[in-house]
Amino acid sequence: MMQRPSPSISTRKQPKQARATELVAAILQAAAQVLAVEGAQRFTTTRVAEKAGVAVGSLYQYFPNKAALLFRLQSDEWRQTTELLCGILEDREQTPLGRIRTVVHAFIRSECEEAAVRGALNDAAPLYRDAPEAEEAKAMANRTVEAFMRETLPEAPDAVRVLAGDLIMKTLSAVGAGFSEKERTPAETEAYSDALADMFCAYLTSLGHRG
């Protein structure tokens, strides 16, 4: 049975009133800014509280330590990225290959916009990979990709669809991370995304997609 995150990386309590919700939002915004500028090694709750303009004690009401704060940022990143990609792949108003193009452009753009924070989170929290929030995000993404591949390659064997979905998503993740390591112009991002989308579309077409 999967274990829940330990108390040391869990949120202490959930905000129930509007004022508390605004406080937590301000803390998280400040935490992302501090992480992007200072990196994981210099990230502290004191710096976050100063950036948010709140007392450290107020921060500790919701996040007992910096690990809990980093974990919340990481969890939010998992959820937002998964919802973004799944929403596009499930949009049947676009053709399957059109959805692939939209996914590539949205993902690469997101990687570039949030590269500093995402890189720091990856350095700070390797233990989060096995957290329930990570498993839930992976499961949601896997279900969506499987459904998309059944629609896109209806006549292909199951093994072919599984391999294609896994290859596309892992390539997208690895290439996006590498491309976003340097600051990119909008034109560079657009051209790179177009080229990557062309590769994926050609691959799916070679596997039997028509249309």
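**Helix α6 and its setting**

A: Ala 115 is found in helix α6, where helices (H or I, at least four residues) and strands (E, at least two) are DSSP runs numbered from the N terminus. The model is predicted, so local features need pLDDT of at least 70 and side-chain atom pairs count only at pLDDT 80 or more, whereas totals for chains, interfaces and linings use all residues. Residues are numbered from 1 along each chain as its sequence is written, and side-chain values use heavy atoms, with hydrogens and water left out.

Ala 115 counts as partly exposed because its relative accessibility is 23%; buried means under 20% relative accessible area, exposed over 50%, and partly exposed in between (1.4 Å probe, protein chains only). Gly 178 is 63 residues away from Ala 115 in sequence, yet their C-alpha atoms are 9.9 Å apart in space.

Confidence deserves attention here. Where pLDDT is low, the predicted coordinates should not be read in detail. For the protein, the mean pLDDT is 86, with 87% of residues reaching 70 or more.

The next topic is a helix pair. Helix α5 (residues 96-113) and helix α9 (residues 186-206) have axes that come within 9 Å and cross at roughly 145°. These axes are lines fitted to C-alpha atoms, for helices over the stretch in contact, with angles running from 0 to 180 degrees between N-to-C directions. The α5 and α9 crossing is right-handed; a crossing is left-handed if the near helix is turned anticlockwise from the far one by less than a right angle, and right-handed if clockwise. Residues of α5 including Leu 97, Val 104 and Ile 108 meet residues of α9, among them Leu 196, Phe 200 and Leu 204. By class, this contact has 10 nonpolar, 4 polar and 5 charged residues. Ala, Val, Leu, Ile, Met, Phe, Trp, Tyr, Cys and Pro count as nonpolar, Asp, Glu, Lys and Arg as charged, and the others, Gly among them, as polar.

Thr 82, in helix α4 (residues 66-89), is buried because its relative accessible area is 11%. Apart from neighbours within four places in sequence, Thr 82 is in contact with Ala 137, Met 140 and Ala 141. Arg 47 lies in helix α2 (residues 45-52) and is partly exposed at 28% relative accessibility. With neighbours within four places again set aside, Arg 47 is in contact with Val 34, Glu 38 and Arg 42.

Finally, the whole protein: its secondary structure comes to 9 helices and 0 strands. Of its 211 residues, 38% are buried. Contacts between residues at least 6 apart in sequence join residues at least 24 apart in 73% of cases. The accessible surface comes to about 11,900 Å², with 53% belonging to carbon and sulfur atoms; accessible areas come from the Shrake-Rupley method with a 1.4 Å probe, and for residues only the protein chains shown count as cover.

Technical notes. Contact = heavy atoms within 4.5 Å. pLDDT = per-residue confidence, 0-100.
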